[in-house]
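This report describes one protein model, part by part. Please look at the sequence and the structure first.

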Amino acid sequence: MQKSSLDEIRQRFDNDVERFSNLDTGQKTTIDAPFTLELITSAAQILCPNADQVLDIGCGAGNYTVKLLSKLPNLNCSLVDLSQAMLDKAKERVENITHGQVNIQQQDILQYHYGDSQLDIVLAGAVLHHLRSDGDWQTVFTKIYKALKPGGCLFVVDLIEHESSMVSQFIWNQYGEYLIDLGGESYKDDVLAYIDKEDSPRSLNFQMKTLYNAGFSTIDILHKNLCFGAYVAIK
Ligand SMILES: C[S@@+](CC[C@H](N)C(=O)[O-])C[C@H]1O[C@@H](n2cnc3c(N)ncnc32)[C@H](O)[C@@H]1O
């Protein structure tokens with residue numbers, strides 16, 4: 001199947017801002033969304049207590065940065081997304097609560113200029129699965145590694161694939177049951193159809209290998225439930 005183009009992805013998210021603006025539920029199609037928001041931001045607070053620069057790639061309406069600011073309130077925040085509608089919402093929410101500066105940039109995470117040894121925390125919530133080729137993943141991880149200060153952390157929460165096709169089928173069936181409980185059979189079909197069209201997730205093993213290749217030496221899995229996972233990679 002021909003996967004969605006960047007333009008198609010941008011248009012879909014332009015029309016979906018409200019669904020990504022609820023801190024209490026997170027994005028409901030993501031299993032454990034509120035738990036993961038809390039987990040990742042608590043881990044960031046513990047691992048990077050003196051942080052002053054956060055970059056949120058694929059920030060959406062800013063849920064991860066907003067949650068992080070409840071724990072580290074003085075951060076300077078850079079927010080990057082394809083969707084200007086998402087960025088506008090994220091900026092409004094983040095500016096209300098940080099004592100630091102807020103910069104937004106409408107940009108593809110593959111093309112973004114990440115800089116050099118400037119960042120304490122990079123947040124990547126449900127965005128990397130939009131990368132298409134293995135080389136794209138390598139490029140983004142390498143740029144993030146270069147942009148982090150020593151000791152800086154990349155936090156990833158994402159949809160993940162599995163290496164065994166039997167495990168994969170089992171996991172997607174289980175996720176299908178979760179979606180039926182959430183919204184019924186046709187809701188499940190709709191969600192799985194747009195994942196098929198729009199997303200190209202990778203296994204945790206692939207991501208770990210690619211992160212090591214990019215230079216990261218310490219990586220820990222923080223959570224996994226069916227086809228969703230969260231981890232930290234430390235420079
Ligand atoms: C599933 S949403 C997640 C939003 C937010 N991180 C969260 O967890 O609530 C994915 C976001 O990534 C953005 N996005 C997708 N592909 C992107 C790309 N290549 N570059 C920048 N942003 C991208 C979309 O516009 C959307 O806002």
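Leaving aside residues up to four places away in sequence, L128 touches I57, I109, W137, V140, F141, V156, D158 and Y231; a contact means heavy atoms within 4.5 Å. The model is predicted: local features need pLDDT of at least 70 and side-chain atom pairs count only at pLDDT 80 or more, while totals for chains, interfaces and linings use all residues. Residues are numbered from 1 along each chain as its sequence is written, and side-chain values use heavy atoms, with hydrogens and water left out.

L128 and L154 have the most contacts inside the largest nonpolar core, which has 31 residues. Such a core is a set of buried Ala, Val, Leu, Ile, Met, Phe, Trp, Tyr and Cys residues joined through side-chain atoms within 4.5 Å. Buried means under 20% relative accessible area, exposed over 50%, and partly exposed in between (1.4 Å probe, protein chains only). At least two residues of this core come from each of β1 (53-57), β4 (119-125), α5 (134-147), β5 (148-159), α8 (204-214) and β7 (228-234). Helices (H or I, at least four residues) and strands (E, at least two) are DSSP runs, numbered from the N terminus. A second, separate core has 27 residues, including I40, L72, L75 and F155. In soluble globular proteins, nonpolar side chains tend to be buried together.

## The sheet

Seven strands make up an open sheet with mixed pairing, in the order β3-β2-β1-β4-β5-β7-β6. Two strands pair if DSSP finds at least two bridges between them. β3 (102-106) and β6 are the edge strands, each pairing on one side only. On average, neighbouring strands of this sheet are turned by 15 degrees against each other, direction ignored. Axes are lines fitted to C-alpha atoms, for helices over the stretch in contact, and angles run from 0 to 180 degrees between N-to-C directions.

Helix α2 packs on the sheet and touches β4, β5, β6 and β7; its direction makes about 170 degrees with that of β5. Helix α8 also packs on the sheet, touching β5, β6 and β7, and its direction makes about 160 degrees with that of β6.

## Strand β7 and its partners

Six of the seven residues of β7 are buried, so this strand is largely enclosed by the rest of the structure. β5 and β7 run antiparallel and are joined by seven bridges. F155 has V232 of β7 as its bridge partner, and V156 stands opposite Y231 in β7.

β6 (residues 218-225) is likewise antiparallel to β7, with seven bridges between them; here K224 is the bridge partner of G229 in β7. Two residues lie between the strands in the hairpin of β6 and β7, where L226 takes a positive phi near 50 degrees.

## Helix α8

The buried residues of α8 include L204, F206, Q207, M208, T210, L211 and A214. Among the elements that cover them are α5, β5, β6 and β7.

Helix α1 (residues 6-14) and helix α7 (residues 185-198) have axes that come within 11 Å and cross at roughly 145 degrees. In this contact, E8, I9, R12 and F13 of α1 meet Y194, K197 and E198 of α7.

D16 is found in the loop between α1 and α2 (33-47). D16 counts as buried because its relative accessibility is 15%.
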